[in-house]
Amino acid sequence: MAKTRESYEERLKWNVKDIYQSEEDFERDFTFYKKRLEEYEKYRGHILDSAKSLYAFLVFDTENEKIMDQLYVYAHLQSDQDTRNTKFQELEKRVYHLYRKGAEMTSFVVPELVGADYETIENYISEEPGLEAYRRVLKDLFKFKSHTLSEKEERILSSISSAFDTSDDVFSLLTDADMKFPKVEDEEGQVIELSEKNYSKLVRNKDRKVRKQAFHSLLETYGQFKNTYAALLANKVSNDNKIARLRNYGSALEASLYGDDIPVDVYHNLIDTVKRHVEPLSKFWKSKARAMGIDVFHIYDTLAPSGNSLKREYTEDEAKELILKALRPLGEDYIRDLTKAFDERWIDFCPNDGKRNGGYCTAVYTVHPYILLNFDGTLNSVSTLAHELGHAMHYYYAIANQTFQDYNYTIFVAEVASQVNQILLSKYLIDTTDDIEEKRHLIDELIQDFKGSVYRQTMFADFELELHERESKGEILTQEAMCKLYYALNDVYYGENIALDEEIKYEWERIPHFYTSFYVYQYATSYIASIKIANDILNKKERAIENYLEFLKLGCTKTPIDSLKIAGVDMSKRETLEEVFVYFEGLVDEFDKLYEEV
């Protein structure tokens, strides 16, 4: 049962006072930033008057962004620690509106900058040494020159940008607020109301009747709203394609990948390679069905434990010690820096009433990273902590080694450090137990992580790409078309030895990531890169640790593909993907062998 926030020890709460000591300090910066926005007008039409004027503007703009960074994270953290607190909800809304105003006030900047030739910028950089710190930013801006509209057009797009988020907003309201799911029985016969929050637990229940009922009840409910969800997603896809055409991209996929210099071949290679390696997953379903004593294995059986679940619970201090031991292969420097997260209270452990669900990591450049958890003492909570600490250390090293404009790493590499930590934790637990049942459970979980991150996310990416391609060719995206496509893709990606329930065709309706275009494939690429890095470190490959730590320090100073090459991973090559599937096949074989030994 959740407790009030006041009942938890201060050491288990994040220290937001590191950002602002008081709300008065926050309000002072809020007012200061608001006044500074008016000063942008004096730069309009004059940014490129000289090297000094360009440098003065960039320094001014960077200082403003640092202030907004602090304002936003402070309000965000305060609101999330108790979402029922209307004062902090209002604080967050005020900051968001101020951010939107800032975006409108600065809409002239990019068109004005890219209106010049890049040769002019290069000359300015040679004249003004301070501009060297902005070389990467300026170069990236000019990369978008052929995709940037006029100042008037950019201002219009900026002012109506919130309209493009309508599908996402309606999806959230429908799914989180308006939709009601039926009541189901748990393993003890207690009647409970099904929800997205408890579904994950129910579909992992050891009682097959419980997970079957939860699976069918949830998806049948979504099926009742298939036309509404289809309209929302079709609108999102249509907007993506329209904006891509407006900005002179060859496709919405190209538009999404262009900013990070990700070749579209990376996306296509991922889909093609995963499709060609479904056989080991099929083998796993057969082994797991045998381990669970199930003749006909269904999708609702896939997440259930194959044996006895691990019952041990961990305190926050025990979780800390376990993680420090598991991550020791990363070296003493990493471990020393990691302990700061605990000693300096970067982490909020408390699962108090009203707190935002789940976990995440964010960072303030001028302060340090922050981690939100809802720690419940389970191994899953420990794993989540290890995951978020990976993000935190990525931020920490990037902040320590890069300027504000260069520290924030791209989404393509964002999940690498977090997944490396989780993989190292899993491998440590597997290697340090002599209990075959426990080892099999842990390997089962590791296989499920691979399945969820690689097979499932790639299937989502395939679905998303197909929808955009169909719409661009003039096809009407009806719910029938979406359901038929999604069912067919499940048939491909889940492979043999598993029964596809008809209701799986509605699952696409509940995936929020489809409203952040071409995002999900990065979960798969990040996980693949993480496996390669973790295995190189565990196998003591020469300079594996040094190369990985260097990667964590890069921020966005290199392209994502080149950044991963520093860590020893070339995501542009199919061989990298092939190598990881050899690893996955080994896990499946190990699981199968352990079943024979029980």
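How many cavities of 30 Å³ or more are there? The count comes to two. Please keep in mind as you read on that this is a predicted model.

## The largest cavity

The largest cavity has a volume of about 40 Å³. Its lining is formed by Ile 411, Ala 414, Glu 415, Tyr 519, Gln 522 and Tyr 523. Two helices, α19 (411-414) and α23 (521-538), each supply at least two residues of this lining.

Sorted by class, the lining of the largest cavity holds four nonpolar residues, one polar and one charged.

## The second largest cavity

For the second largest cavity, the volume is again given as about 40 Å³. Around this space you will find Leu 281, Lys 451, Tyr 455, Arg 456, Met 459, Tyr 493 and Tyr 494. The elements giving two or more residues to the lining are α21 (436-472) and α22 (479-494), and α21 gives the most, with four residues.

In this second lining, five residues are nonpolar and two are charged, with no polar ones.

## Where α8 meets α11

Now to the helix pairs. Helix α8 (residues 166-178) packs against helix α11 (residues 226-246) at an angle of about 155°, and their axes lie 9 Å apart. Angles over 145 degrees count as roughly antiparallel, so α8 and α11 are roughly antiparallel to each other. The crossing of the two is left-handed.

From α8, the contact uses Ser 167, Val 170, Phe 171, Leu 174 and Thr 175, while α11 brings Thr 228, Tyr 229, Leu 232, Asn 235 and Lys 236. Together, the residues of this contact divide into five nonpolar, four polar and one charged.

On the α20 side, the residues in contact are Val 416, Gln 419, Val 420, Ile 423, Leu 424 and Lys 427. They meet Ser 526, Tyr 527, Ala 529, Ser 530, Ile 531, Ile 533, Ala 534 and Leu 538 of α23. By class, this contact has ten nonpolar residues, three polar and one charged.

How values were computed
Residues are numbered from 1 along each chain as its sequence is written. This is a predicted model: local features need pLDDT of at least 70, side-chain atom pairs count only at pLDDT 80 or more; totals for chains, interfaces and linings use all residues. Side-chain values use heavy atoms; hydrogens and water are left out. On a 1 Å grid over the protein atoms alone, a cavity is a set of points where a 1.4 Å probe fits but cannot get out, and a pocket is an open set with protein on both sides within 12 Å along at least five of seven lines; lining residues have an atom within 4 Å of a point. Grid points are joined across faces, edges and corners, and a volume is the space filled by probe spheres set on the points. Ala, Val, Leu, Ile, Met, Phe, Trp, Tyr, Cys and Pro count as nonpolar, Asp, Glu, Lys and Arg as charged, and the others, Gly among them, as polar. Axes are lines fitted to C-alpha atoms, for helices over the stretch in contact, and angles run from 0 to 180 degrees between N-to-C directions. Angles under 35 degrees count as roughly parallel, over 145 as roughly antiparallel, 65 to 115 as roughly perpendicular and the rest as oblique. A crossing is left-handed if the near helix is turned anticlockwise from the far one by less than a right angle, and right-handed if clockwise. Contact means heavy atoms within 4.5 Å.
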